[in-house]
Amino acid sequence: MIEKLKVINDKLIELNTNNEKELKKHKLIKKILNDDKCFFKMEIKYAYSILRDLGIKEQDLKKVYMELINPKNI
């Protein structure tokens with residue numbers, strides 16, 4: 001799942017080359033996602049915020065988050 005998020009993030013970086021605010025945000029998210037265990041290290045509110053910024057639908061947030069913090073998926 002983290003790999004899918006990285007791909008989404010890369011696409012958003014490409015799409016926002018002319019939007020400095022969004023570009024800066026997605027470059028920061030890219031740095032965070034470089035650590036495959038990043039979601040284990042952050043508070044849930046920040047994790048949900050990142051997932052929202054990556055375009056994960058509200059109804060899917062919990063499912064995606066639970067998959068990301070599942071030790072079996074590392």
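Biologist: A salt bridge is a side-chain nitrogen of Lys or Arg within 4 Å of a carboxyl oxygen of Asp or Glu. How many salt bridges does the structure hold?

Modeller: This is a predicted model, in which local features need pLDDT of at least 70 and side-chain atom pairs count only at pLDDT 80 or more, while totals for chains, interfaces and linings use all residues. Residues are numbered from 1 along each chain as its sequence is written, and side-chain values use heavy atoms, without hydrogens or water. The number of salt bridges in the structure is eight.

Biologist: Which parts does the salt bridge of Lys-25 and Asp-53 tie together?

Modeller: The side chains of Lys-25 and Asp-53 meet at 3.5 Å, N to O. Because Lys-25 lies in α2 (residues 20-33) and Asp-53 in α4, this pair ties together parts 28 residues apart in sequence: helices α2 and α4.

Biologist: How are α1 and α2 oriented to each other?

Modeller: Helix α1 (residues 2-15) packs on α2 at an angle of about 155°, with the axes 9 Å apart; axes are lines fitted to C-alpha atoms over the stretch in contact, and angles run from 0 to 180 degrees between N-to-C directions. Angles under 35 degrees count as roughly parallel, over 145 as roughly antiparallel, 65 to 115 as roughly perpendicular and the rest as oblique. The two helices, α1 and α2, are therefore roughly antiparallel.

Biologist: How many charged residues are in the contact of α1 with α2?

Modeller: Contact means heavy atoms within 4.5 Å. Residues of α1 including Lys-6, Asp-10 and Ile-13 meet residues of α2 including His-26, Lys-27 and Lys-30. By class, the contact of α1 with α2 has seven nonpolar residues, two polar ones and, as charged residues, four.

Biologist: How are α4 and α5 oriented to each other?

Modeller: Helix α4 (residues 44-53) and helix α5 (residues 61-68) pack at about 115°, with their axes 10 Å apart. The orientation of α4 and α5 is therefore roughly perpendicular.

Technical notes: Helices (H or I, at least four residues) and strands (E, at least two) are DSSP runs, numbered from the N terminus. Ala, Val, Leu, Ile, Met, Phe, Trp, Tyr, Cys and Pro count as nonpolar, Asp, Glu, Lys and Arg as charged, and the others, Gly among them, as polar.
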